[in-house]
Amino acid sequence: MLAWVDQYNNGIIILLNDEEELLFVSKSVERILAYNVADLIGMHWNDIISPEDVKRYIVRDSEMNQIFNVNVLHKNGKYIWTECTVEKMEDQTTSKNYYMLSLVDITDRKDAEELMIRSEKMSVAGQLAAGIAHEIRNPLTSLKGFLQLLQAGVPRKETYYDIMIDEIDKMETITSELLFISKPLTDQRKQESVSEMIEDVVILLEPQANLNNIVILFNPVNDVNIYCDRSQIKQVLINLLKNAIEAMDEAGMIKIEIHPSDESINIKVIDEGPGVPEDLIHKLGEPFFTTKKTGTGLGIMITRQILEQHHAKLEIANNELKGSTFQINFPI
Ligand SMILES: Nc1ncnc2c1ncn2[C@@H]1O[C@H](COP(=O)(O)OP(=O)(O)O)[C@@H](O)[C@H]1O
Ligand SMILES: [Mg+2]
């Protein structure tokens, strides 16, 4: 019976020692990853996971029953997405540590998630395009004017050159932010400046806000960093800021605030829309839940997913007077 479980269970069980060498592998690995059990014994854990994951996760440092996603190498050279649960065990007599890993193939789930993120990004890019095209037309018009002046042979050319370069810089930043949206999310985590990420996102969404007579207020705070993947957290901020703009059908203000404390760094997006009805708050984040005509209902779901992977939380509350506050809490 045990042999049968060993062979046919849907996951893979691996036992590692403190050096992260494989001591035991369930026979199911032969079916799932096409290796022979005997070939794997004695190998290092790092040799069968992707190099990025080697950098990201150290089994020895994981907490009790910690779950992480890791790419494991199939014998055919391709990586398979798995969800890996780690259990740390101590041998009382030798006081040596062992790690029991339980891996489940989640390729299908990952594919579905990626598809949803892609379609949300595409829909966002499409919705922002009108505002951005508008925003780029102004600098183009002024560039044209300056070129005509230069053509006519005006004196003090240098001042014109400086202004022209400024205008081109503006267009460059905004187009590169727009291009960012159409790229898939990465997962490269490092210390990132919260204010810089917010500023990038404000550049991208300001045209949309301008079209609706909404002012985005943000005062950068220096030296507040979080350990994260920049593209993912920017995606979260885009979702929240875009929702805030869409919630407001009159002119008004959106405030973005950074609140660092000893335990956490909080980012607040405060809008002046109608707020979220109490009976709907718990529905936000369900896939495809939307109250908008052209909504996808994926924004909050993706936001929650990304935050969960960063051990961060999203809190939604209605403001006293009007509007709502979407707050992200990053633990330190
Ligand atoms: N700032 C906000 N104020 C009021 N309602 C909001 C706000 N943000 C999100 N919502 C509600 O949550 C729903 C889901 O948002 P989201 O997942 O981003 O999908 P979508 O924006 O495509 O509708 C929205 O349709 C809206 O009803
Ligand atoms: Mg949205």
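Phe218 counts as buried, because its relative accessibility is 15%; buried here is under 20% relative accessible area, exposed is over 50%, and partly exposed is in between, with a 1.4 Å probe and protein chains only. This is a predicted model, in which local features need pLDDT of at least 70 and side-chain atom pairs count only at pLDDT 80 or more, while totals for chains, interfaces and linings use all residues. Residues are numbered from 1 along each chain as its sequence is written, chains are lettered from A and ligands numbered from 1 in the order in which they are written, and side-chain values use heavy atoms, with hydrogens and water left out.

Back to Phe218. It lies in strand β7, residues 214-218. Helices (H or I, at least four residues) and strands (E, at least two) are DSSP runs, numbered from the N terminus. What is Phe218 in contact with, leaving aside neighbours within four places in sequence? Ser195, Ile198, Glu199, Ile256 and Ile258, where contact means heavy atoms within 4.5 Å. Leu2 is 216 residues from Phe218 in sequence, and the two C-alpha atoms are 61 Å apart in space.

On domains: the chain is divided into domain 1, 2-105, and domain 2, 110-331, with bounds from an automatic or database domain assignment. Their C-alpha centres lie 39 Å apart.

Now Ile258, one of the contacts of Phe218. Ile258 has Ile267 in β10 as its bridge partner. Strand β9, residues 252-260, pairs with β10 in the antiparallel sense over six bridges; two strands pair if DSSP finds at least two bridges between them. Three residues make up the hairpin that joins β9 to β10. Strand β10 also pairs with β12, residues 324-331, again antiparallel, over seven bridges, and there Ile267 stands opposite Ile328. Is β10, residues 264-270, mostly covered or mostly uncovered? Mostly covered: six of its seven residues are buried.

Next, the open sheet. Five strands form it in the order β2-β1-β5-β4-β3, with antiparallel pairing. The edges are β2 (22-25) and β3 (66-73), each with a single partner strand, so one side of each has no neighbour in the sheet. From one strand to the next the twist averages 30°. Between β3 and β4, residues 79-90, there are eight bridges in the antiparallel sense, and Asn69 has Glu83 in β4 as its bridge partner. Helix α5 packs on this sheet, touching β3, β4 and β5 (97-105), and its direction makes about 120° with that of β4. Axes are lines fitted to C-alpha atoms, for helices over the stretch in contact, and angles run from 0 to 180 degrees between N-to-C directions.

Helix α5 spans residues 107-151 and includes Glu113. Glu113 counts as buried because its relative accessibility is 18%. Residues up to four places away aside, Glu113 touches Gln305 and Gln309.

Last, α5 against α7, residues 194-211. How do their axes cross? At roughly 85°, coming within 8 Å. That makes α5 roughly perpendicular to α7; angles under 35 degrees count as roughly parallel, over 145 as roughly antiparallel, 65 to 115 as roughly perpendicular and the rest as oblique. On the α5 side the contact includes Leu128 and Ile132, and on the α7 side Leu204 and Leu211. By class, this contact has six nonpolar, five polar and one charged residues. Nonpolar covers Ala, Val, Leu, Ile, Met, Phe, Trp, Tyr, Cys and Pro; charged covers Asp, Glu, Lys and Arg; the others, Gly among them, are polar.
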